[in-house]
Amino acid sequence: MNPFGTTVRRASAAGIALTACLAAVPATAAAAPGRDDTAAVPGTGLDRYYHQSLDWRSCVLGPDDETGRALEKAGAQCADVTVPLDYAAPTGRTITVAISRIKATDTRHRIGSMLLNTGGPGGTGIDFAPHTREAMKETGARYDVIGMDPRFIGRSTPLDCGWPVGSAIMSSGTGRAGFDRQVALHKDLAAKCRATNAALLPHVTTRNTARDMDVIRGALGERKISYLGYSYGTYLGTVYTQMFPGRYDRVVLDGAVDPRRYGPRLLQGTEEENERALGDWAAWAAERDATYGLGRTRAQVLATIDRVVAASARRTLTLGTAPDTFRVDDTRIPVLIFAGIADDTDEARAGLGELVSAMAKAADGRATELSSKTVEGLRLFLTDKGSHYGSAQMAIICGDKGAPRGPERYWRDIERSRAAHPLFGPVTNNITPCAFWDRPSEEPTRVRQDAPVLMVGATGDPRTDYEGTVALHGMLPSSKLITLKGANRHGIYGEYGNACVDDQVNAYLATGRLPATDRTCVKRAAG
């Protein structure tokens, strides 16, 4: 599960779509190392990485590789970029970062390369290039669109701790006994990562991914690189602007993270946004009671959810039919609901409706059936099938910033939050493996200089809340913000079908000129 919500394209009810100011750097400035740019210091042995020759080839890895075939159909090729595991020891062990490229077809007006990150952390990006190229419309023909699987993700050198679950984001449950079981589980998850990947963990960080991005820029032969990042990808993009000022061109940050809040406890404080999104979904479901049977009013639907959670605290519920059955209790039910409200489109809401309807039947002791899409999402979230995703996600989050150690600190926060937010407080305040992780190898990146980027934020975003977007906007005085009013959606540009947002982003990507002022768009009325 993505702590910031769904990685782009993965918004489904159970999708592992779940869940961080001084002088401006002009876009035309010469590339020059910044004070935070360790990879640009002469004599550090990194030249061979920056000047490597990439072996572009077919993206298809085998007869069952649907991702590769889709990339090939879109005209993409793939390559592996060699980077050092440890940038402080560039002559030591190396790893690879997988990228895809759809080359510019309007070569006469080519702008450069655009690198993509879909969020997570832990989301793949190599497969996102075709979708982004389409979203950019005619401007896409002027870019080499570069998808990237960040270090230890997807087709890049892997990291998998062998977890029995696909996500470490869970609820503490409804009582102390459930929380104590959570403490033991998360301690064990951290131990599994330390036992299987101790040599890699100190180097699984956002700062190292930003360094990888700059190596990719150099290997592509680009003086500057453009960037599109969603959710966690906005934090990664912000870090890149701070570490490598003067090396970026056009930067779009959609669903931005306040870098001061980024870390293992980022979800703290988002309870009200999530409750509003849940309430809006409940009203939507009430209008479709004939389909989902959850209640004919918003209050009745919310009461059904409360009943399901209470039932799951008394006994484990079974979702699905053999061979695809899933046992869920009060530590999982709230998170599955939490995951489903990051998108207010009818398709996503229907997915959550299906899942909650199945939960309600299970609470009554009735058999439940699930769609193949929901089965796949639950399999990735609840079983070892998603271990690779959850392992890498937590390794990045825990590697970026330290978390409080003592379990009692978490319990106090849970109990304090539970009074006002009984469903989501135990999710946003729960303990994670980061409480048992080794301390990070570097300090988190601080925003110390301006960056003229374009930001997009929805006022009802229940993951990286709008307050965080506004905060980052204030930290980057030369930035401009496109606000989408009225949408409970995480990830807007090219994803939500809002022409007002899409057209303004594409105009910026085409011209390199930010809007003269911040802009406001409005959610399109349903129907």
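Modeller: Start with the angle words: under 35 degrees counts as roughly parallel, over 145 as roughly antiparallel, 65 to 115 as roughly perpendicular, and the rest as oblique. This is a predicted model, where local features need pLDDT of at least 70, side-chain atom pairs count only at pLDDT 80 or more, and totals for chains, interfaces and linings use all residues. Residues are numbered from 1 along each chain as its sequence is written, and side-chain values use heavy atoms, without hydrogens and water.

Biologist: Which residues of α9 and α11 meet?

Modeller: Thr304, Ile305, Arg307, Val308 and Ala311 in α9 meet Val356, Met359, Ala360 and Ala363 in α11. Contact means heavy atoms within 4.5 Å. Seven of these residues are nonpolar, one is polar and one is charged.

Biologist: What makes α4 and α14 oblique?

Modeller: Helix α4 (residues 176-197) and helix α14 (residues 407-418) pack at about 140°, with axes 11 Å apart. The angle is not over 145, so α4 and α14 count as oblique, not roughly antiparallel.

Biologist: What does α4 bring to the contact with α14?

Modeller: Arg176, Phe179 and Val183. They meet Pro407, Glu408, Tyr410, Trp411 and Ile414 in α14. This contact has six nonpolar, no polar and two charged residues.

Note on methods:
Axes are lines fitted to C-alpha atoms, for helices over the stretch in contact, and angles run from 0 to 180 degrees between N-to-C directions. Helices (H or I, at least four residues) and strands (E, at least two) are DSSP runs, numbered from the N terminus. Ala, Val, Leu, Ile, Met, Phe, Trp, Tyr, Cys and Pro count as nonpolar, Asp, Glu, Lys and Arg as charged, and the others, Gly among them, as polar.
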